[in-house]
Every structure is written in C-alpha cells, then in structure tokens.
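Good morning. I will go through one structure today, from the overall picture down to single residues. Please have a look at it first.

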Amino acid sequence: MKKIKKLKMLGVVVFITIALAFVAATNDGYSRGLFKPQIIKQKPIGNVDLYEVLTSYEIWEGTGTGEVTTPDGNIIHPWASWVGTVRTAGGNKVITGTWIDDDTSLSSPAYGGFTGNINANDSVTNGIWWADSPQLPNSGSWKGLFYHPKPDTMHGNWHYSDQNGSGNGTIDGKRKP
C-alpha cells in the first residue's frame, strides 16, 4: 500500500514539473490562465530566472477600428477587442495576444492573434497579426507606440492586403494596473 501511495505521489510531482516546464517554455502561461504569478525568488533555471518569468509581465487591453471585406462579402473587424501580455526577458520586450470580433458578418465571432517586439529605445512595436479564419489565411502587419504619450497607453495601426481582401485600421490600448 505504501508503495502505491509513493508511486501516486511521484506521478503528481512529475505532472506538476512537466506542467511548469511547459508554462515556462511557452512563456505564455499567464495569458492562457494556467497559473497566477507569485512573488518568490528562486535560483536561475539555465539562463532564465524563475522570478523574472513570474513577475516580468504587463497585461494590456484595448479596441481597434477598421474592417476587412473578404471575397465572399463577409466583413471582419480585426482588433475590435484585444488583450495582450508584454513579457520582459533579458531586456527585450515582446507582446503576444489575441483579438476577437463579435460584430462580424460571419455566423460566429472572428478571432485571431498577434505578436510584436517592442523596441527598447523608442517603444515602437512592429509585429504581425492573423485571423483564425479561412477567409483571411495570411497574416497582416501592425505597428504601435507603447508608453507614449502616457506610460500606460499605446496607439497603433494595422494593415491587411492580399487576394482575400484588404483593410486597415487603428489600435488603442491601456496597460492594466
């Protein structure tokens, strides 16, 4: 009986270790709701300090304007509502996130994701965005300015153009406290 109990406990420890390794490897565990950061100081794991991974993030959210009309006549409003996580690692800032359009002419909401690198010198961000929709199979581009004119705001624009449609619009956001 003790042997079975020890094996079960070992299985739980292995599962938790694998789950934490996955969260650290994807560097996106918080925005996916896999864990909530806690203030703990640990020894570095390889070149990554666990404390930095758990505390070096900012949550941003916002809205966007503009639309893309697809060849079949559907209208998608990329960036209509969005949320992203800015991660800092080794002095570099990267934002990743998702957007959703509940007001699309499609039968269900349109949604997608985005990523970008925030330049340390001027806070300008260049990135790509995409729709998880067969109507817009390619990625678009976006550019934003973070932390200006106020430290908790951002403004930018997005663009999409290919044989499936074209459009552009604006992006506005705020850092959550």
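**Overall picture**

The accessible surface of the protein comes to about 10900 Å², and 59% of that belongs to carbon and sulfur atoms. Areas of this kind come from the Shrake-Rupley method with a 1.4 Å probe, and for residues only the protein chains shown count as cover. This is a predicted model, in which local features need pLDDT of at least 70 and side-chain atom pairs count only at pLDDT 80 or more, while totals for chains, interfaces and linings use all residues. Residues are numbered from 1 along each chain as its sequence is written, and side-chain values use heavy atoms, with hydrogens and water left out.

The protein has 177 residues, and 34% of them are buried. Buried means under 20% relative accessible area, exposed means over 50%, and partly exposed is in between, with a 1.4 Å probe and protein chains only. The protein contains two helices and 10 strands. Helices (H or I, at least four residues) and strands (E, at least two) are DSSP runs, numbered from the N terminus. Starting at the N terminus, the order of elements is α-α-β-β-β-β-β-β-β-β-β-β. Of the contacts with a separation of 6 or more, 43% are between residues 24 or more positions apart; contact means heavy atoms within 4.5 Å.

**The barrel**

How do the strands close up? Eight strands form a barrel in the order β1-β4-β5-β6-β7-β8-β9-β10, with antiparallel pairing. Two strands pair if DSSP finds at least two bridges between them.

Now some of the pairs. Strand β4, residues 81-89, is joined to strand β5, residues 92-101, by nine bridges, and the two run antiparallel. Here Ser 81 has Ile 100 in β5 as its bridge partner.

Further along, strand β8 (residues 140-146) pairs with strand β9 (residues 153-162) over six bridges, again in the antiparallel sense. Leu 145 has His 155 in β9 as its bridge partner. The hairpin of β8 and β9 has six residues between the strands, and Tyr 147 there takes a positive phi near 70 degrees.

Strand β9 also pairs with strand β10, residues 165-175, over 10 antiparallel bridges. Two residues lie between β9 and β10 in their hairpin. In this pair, Thr 153 stands opposite Lys 174 in β10.

**Single residues**

Is Lys 150 buried or exposed? Lys 150 is exposed, because its relative accessible area is 52%. From C-alpha to C-alpha, Lys 150 and Lys 174 are 9.5 Å apart in space, and they are 24 residues apart in sequence.

Next come two loop residues with positive phi. Most residues other than glycine have a negative phi. Trp 79 has a positive phi near 70 degrees and lies in the loop between β3 (75-76) and β4. With a relative accessible area of 1%, Trp 79 is buried. Ser 123 is not a glycine either, and its phi is positive at about 65 degrees. The loop that holds Ser 123 is between β6 (110-118) and β7 (124-131), and Ser 123 is buried at a relative accessible area of 12%.

Which residues does Thr 125 contact, leaving aside its neighbours within four places in sequence? They are Ile 95, Gly 116, Asn 117, Ile 118, Trp 142, Lys 143, Gly 144 and Phe 146.
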